[in-house]
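Dear colleague,

I am passing on the structure that we spoke about, and below it you will find my notes. Please read them with the model open beside you.

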Amino acid sequence: MPPRDNRGGGRSGRRPQRPARDDARSRPRPGDRSGRPQDRPREREAEAGLSREARERLDALRADFAADPDRDTPEGDRDTHSDVPGGVRLQKVLAAAGVGSRRYCEELIADGRVEVNGQVVRRFGARVDPATSEIRVDGQRVVTASDLVYFALNKPRKVVSTMHDPEGRRSLADLVDRPERLFHVGRLDYDTEGLILLTNDGELAHRLAHPSYEVLKTYLADVPGPVTRKTEHRLRDGVELEDGLVRIDGFRVVDRLGDRAMVEVTLHEGRKHIVRRLLAEVGHPVSRLARIQVGPIALGTLKAGTMRALTSKEVSDLYSAVGL
Ligand code: URA
């Protein structure tokens, strides 16, 4: 079944969150503490596009940093962030994590939108450890640890949702070509296709799979039609199954195709075969089922059997979805 939802996207195969090394070329020369881009043509060019106010603000910040990088900020935000010895400059870490260009990240810092370990840092040049510092932009976590990886996989039918199958059937391991030990977030039935998230971030994986965080999942199902308004109301009111009530979070008929219908169901729980059992109970047994969204992550146009790295924005959104 072709996925109908084109939200999301991203570049396949690209590994996100990998901060570049703090290489000698970008370090200020000895004696140059201004941080001015006069010997860096690309940054000079980038700054030429700034408004006069923005340029003045950047210049003032740079002058402050040159005078005393450890001073308090004028607005009363006490920046007590201590540099991590041998750490990497904050704007560089943010840019490497995919937040935006280095210039944009400097703007974020200047605007007081960046926190390191719970502390607003407005100071340019603060040095952080990408592996251990907890960095947030506008309160949203930015994952900077280079060893953490996050992927969306489009599981085809006839694949088991484990990394190994004792019966020798195709498993997720046959689709994943990564050196890391990855966890799959939740499972899909052998015959269900669609989105599975994979990561080696244990805390995130645990929370995404835990029912108490109520992460929404959306499925597309091919069922016999027509689906009446009465059925829709029944679904919205909650349906009693043998292991308890199912409450859905969303339902709509996406398409009517002759005597078939394509329906979209959103729910936050993960009981076994829940969508198939739910729709069968209201008289619409599923012949084909695909998961097209998990929390903020959409399957989009990802080809069956392939995976793509999540963008840093998507990872931040996942963190927010589970209160991290
Ligand atoms: N509900 C189902 O019935 N099957 C799945 O694979 C996922 C949700």
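Among contacts in the protein chain between residues at least 6 apart in sequence, what percentage join residues at least 24 apart? The share is 68%, where two residues are in contact if their C-beta atoms, placed from the backbone, lie within 7 Å.

Please keep in mind that this is a predicted model, in which local features need pLDDT of at least 70 and side-chain atom pairs count only at pLDDT 80 or more, while totals for chains, interfaces and linings use all residues. Residues are numbered from 1 along each chain as its sequence is written.

The protein chain contains 8 helices and 17 strands; helices (H or I, at least four residues) and strands (E, at least two) are DSSP runs, numbered from the N terminus. Of its 324 residues, 31% count as buried, a word used when 20 or more other C-beta atoms lie within 10 Å of a residue's own, with exposed meaning 12 or fewer, partly exposed covering what is in between, and C-beta atoms placed from the backbone.

Strand S9 (residues 193-199) is largely enclosed by the rest of the structure, because 7 of its 7 residues are buried. Two strands pair if DSSP finds at least two bridges between them, and S9 pairs with strand S7 (residues 150-155) in the antiparallel sense over 6 bridges, with Tyr150 opposite Thr199 in S9. Strand S8 (residues 183-185) also runs antiparallel to S9, joined to it by 3 bridges, and here Phe183 stands opposite Thr199.

Finally, the ligand is surrounded by Leu188, Asp189, Thr192, His273, Ile274, Val275, Arg276 and Leu289, a residue being near a molecule if its C-beta atom, placed from the backbone, lies within 6 Å of it. Helix H7 (residues 274-281) gives the largest share of this shell, 3 residues. The shell divides into 4 nonpolar, 2 polar and 2 charged residues, where Ala, Val, Leu, Ile, Met, Phe, Trp, Tyr, Cys and Pro count as nonpolar, Asp, Glu, Lys and Arg as charged, and the others, Gly among them, as polar.

With best wishes
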